[in-house]
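Here's a quick briefing to read alongside the model.

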Amino acid sequence: MDFLKSILCRTAFLAFCITIFSPALIRAQLSPGKLAQGHSQLEGLDNCAKCHSGNVRSGADPLLCRECHEAIDIRVKAGKGLHGGKDFNQCAKCHSDHLGATFDLVRWKTVSESKDRFDHDKAGYKLEGGHIKVKCSDCHQPKNIKDPLILKTKIEFQKKTFLGLGTECLACHKDTHGKMFAKMKCLDCHNMEKWKPAEGFDHNKDTRYIIRGKHIGLECAKCHKDGQPWELLPARRVKDDGCITCHQDVHKGKFGRDCAKCHQEAGFKMIKVSGFNHDKTRFPLEGNHATVACNLCHKNGASWVLTRFQKCSDCHADFHKGEFTKTLHPEKCESCHTVQGFLPANFGVKEHRQTRFPLKDAHLAIPCAACHTSTSDVHGEVIKRKFKFASLDCIACHADPHQGQVDKYKTKSGCLSCHTGASWKEVKFDHGLTGYPLTGRHVKVECQACHTGSFAFKTSSGNRLMIPDFAQRRQHCFECHADKHQGQFQEKLKKDGRVVVTCERCHTTTDWYAELFNHDTQSRFKLEGAHEKARCEACHKTQISAGKSYVLYKPINAECRTCHGDSVPVK
């Protein structure tokens, strides 16, 4: 008995400790779990009665729920929407809580298999036509909410809720007509399947403008341009302004507003042309234009009102095939031609100076057709003449008589680097560019004296000329001049092993006199004493070899007796 009392006392004490020191544990035993984030402000034992009444396990009391969810309460009382139906008047049936802060309060399987398969008829708005294919989020967006109570909630709630949308078309769709059809319903003209075309619209019944003639077959967008309000064209304005309400008055008021004087709804192109004064238009007929038949400009099927006539090319084919579209006066035919006739052209030497190739020197005397060649058709008619040149170099017109031999010596001036525009025979060439500058007497020597080779060249006129071969390069004296020393001064070049005569060791281009020769340093016999005054031929005698005479410079014996004989005393 005492043992039993001891056990009971200990149990009671343990319960007392748990109650005093572990209130969280006690609350855990009373609460089913944490509330969803949307109900987090209702956490705590003191708030239970705000949602529950009577037996807690029976779920939240719908009446208490509606005290907070005012928008739902209004719909239930009005019997509208999903919550207004008798099958969905128990909140806990679809909305469970105490399952964690991140738990979704909406249990879709109670209503349908999933959110995407929800029967929208239960919400009081049947989805038809194109609405069936759209996603829930396409309509249920904060921007489409119209209910003032929902608009007062936080944006996070507005992004999640399915409440607050209206059932009229303009609740989601923009009114593109403005106020013109304010007394009509959208479905009077449109249907749920597609917005365009508005099959229910009758222009003759629904507007004050009766469609007649060619207007009957026009598409709406022809008059009601994209981006313009549909009410832009009221019948009163059409009555006052006439055709120019929609049609541009190409006559700029010159013929008044009574378009029917010339035109009619049955066909705008049915024009009365008898007695028409063309001078009242923007294009008075002048020159050859005065004799041209109307239909040559106003062709069959084309509008009598020509929108393009400011430029000659609007009517006339461009004989120059676009060559003058990027010039000083682009596409202005009148810069050269007149309405009196296409030829002759008013383009002379003065005008040519404004081009990239001003005429100078001999070019002034050349006929235009010599440079501006033509292309003819099979009948011999000129169909095009060349006026634009990709290059203004001489070779664009003239054949290269040098056949590319001197191209590497040309500057930016091209052929004018050597020649002038006055005559091809006037040549000024910097021979130093070749690596062999002309000095001394070489300056006055004719080119052909060194460039002895030549080749035939046929000119454009058929003449045959012999052109010097400038590819033939001679840079050593012996290549042009005969060796009068009979090979006495030949040397073997280290560069390529050739045996050459180095005349420049003694001679200059000014004179044949060996003014560079130094007997003391360039020979084995230094001139001293009386030898300094001796004439060259006293020692260097003339020899004859193979019938040719030459002066012997080496080899010569340097002993005295070679020149003086045995009479020279020996020390």
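**Salt bridges and the overall picture**

Lys410 and Asp407 form a salt bridge, with their closest N and O atoms 3.4 Å apart. Keep in mind that this is a predicted model. The protein chain has 16 helices and eight strands, and buried residues make up 16% of its 571 residues.

**The chain as a whole**

- Take the contacts in the protein chain with a separation of 6 or more: residues 24 or more positions apart account for 39% of them.

**More on the salt bridges**

- The count of salt bridges comes to nine.
- Back to the opening pair: Lys410 is partly exposed at 27% relative accessibility, and Asp407 is partly exposed at 40%.
- Glu491 and Arg505 form another salt bridge, and here the closest N and O atoms are 2.2 Å apart.
- Glu491 sits in strand β5 (residues 490-492) and Arg505 in the loop between β6 (499-501) and α15 (536-539), so this pair ties together parts that are 14 residues apart in sequence.
- Both ends get some solvent: Glu491 is partly exposed with a relative accessible area of 28%, and Arg505 is partly exposed with 39%.
- As a general point, side chains of opposite charge can pair when their charged atoms come close.

- Which residues are buried in helix α4 (residues 70-78)? They are Ala71, Ile72, Asp73 and Arg75.
- The buried residues of α4 pack against α3 and α6 (148-151).
- Asp73 also meets Lys77 in a salt bridge, at 3.1 Å from N to O.
- These two are separated by about one helical turn, because Asp73 and Lys77 are four residues apart in helix α4.
- Asp73 or Lys77: which is buried and which is exposed? Asp73 is buried, with a relative accessible area of 14%, while Lys77 counts as exposed at 64%.
- Arg66 joins in too: Arg66, Asp73 and Lys77 are linked in a network of salt bridges.

**Strand pairs and hairpins**

- Strand β1 (residues 374-376) pairs with β2 (382-385) in the antiparallel sense, over three bridges.
- To find your way along that pair, look for Thr375, which stands opposite Lys384 in β2.
- β1 and β2 make a hairpin with five residues between the strands, where Gly380 takes a positive phi near 85°.
- Further along, β7 (residues 542-545) and β8 (residues 548-551) run antiparallel and are joined by four bridges.
- In this second pair, Gln543 stands opposite Tyr550 in β8.
- The hairpin of β7 and β8 has two residues between the strands, and Ala546 in the turn has a positive phi of about 55°.
- In general, side chains in a regular strand alternate between the two faces of the sheet.

**Cysteines**

- How many disulfides does the count come to? The count comes to zero.
- Cys91 is in no disulfide; the nearest cysteine sulfur belongs to Cys65, 3.8 Å away.
- For Cys94, the closest cysteine sulfur is that of Cys91, and at 8.9 Å the two are too far apart for a bond.
- Cys91 counts as partly exposed at 22% relative accessibility, whereas Cys94 counts as buried at 9%.

**Two loop residues to look at**

- His52 is in the loop between α2 (23-30) and α3 (62-68).
- With a relative accessible area of 17%, His52 is buried.
- If you skip neighbours within four places in sequence, His52 is in contact with Gly59, Ala60, Leu64 and His98.
- Phe429 is in the loop between β2 and α14 (447-450), and it is partly exposed with a relative accessible area of 32%.
- Together, Val427, Phe429 and Leu433 make a nonpolar surface patch of about 260 Å².

Terms used: Residues numbered from 1 in each chain as written. Predicted model: local features only at pLDDT ≥ 70, side-chain atom pairs only at ≥ 80, totals over all residues. Heavy atoms only, no water. Buried < 20%, exposed > 50% of the residue type's maximum accessible area, 1.4 Å probe, protein only. Contact = heavy atoms within 4.5 Å. Patch = residues over 30% accessible without salt bridge, like charges linked within 9 Å, V, L, I, M, F, W, Y side chains within 5 Å. Areas by Shrake-Rupley, 256 points an atom, 1.4 Å probe, with all protein chains shown as cover. Salt bridge = Lys/Arg side-chain N within 4 Å of Asp/Glu carboxyl O. Pairing = 2+ DSSP bridges. Disulfide = S-S within 2.5 Å.
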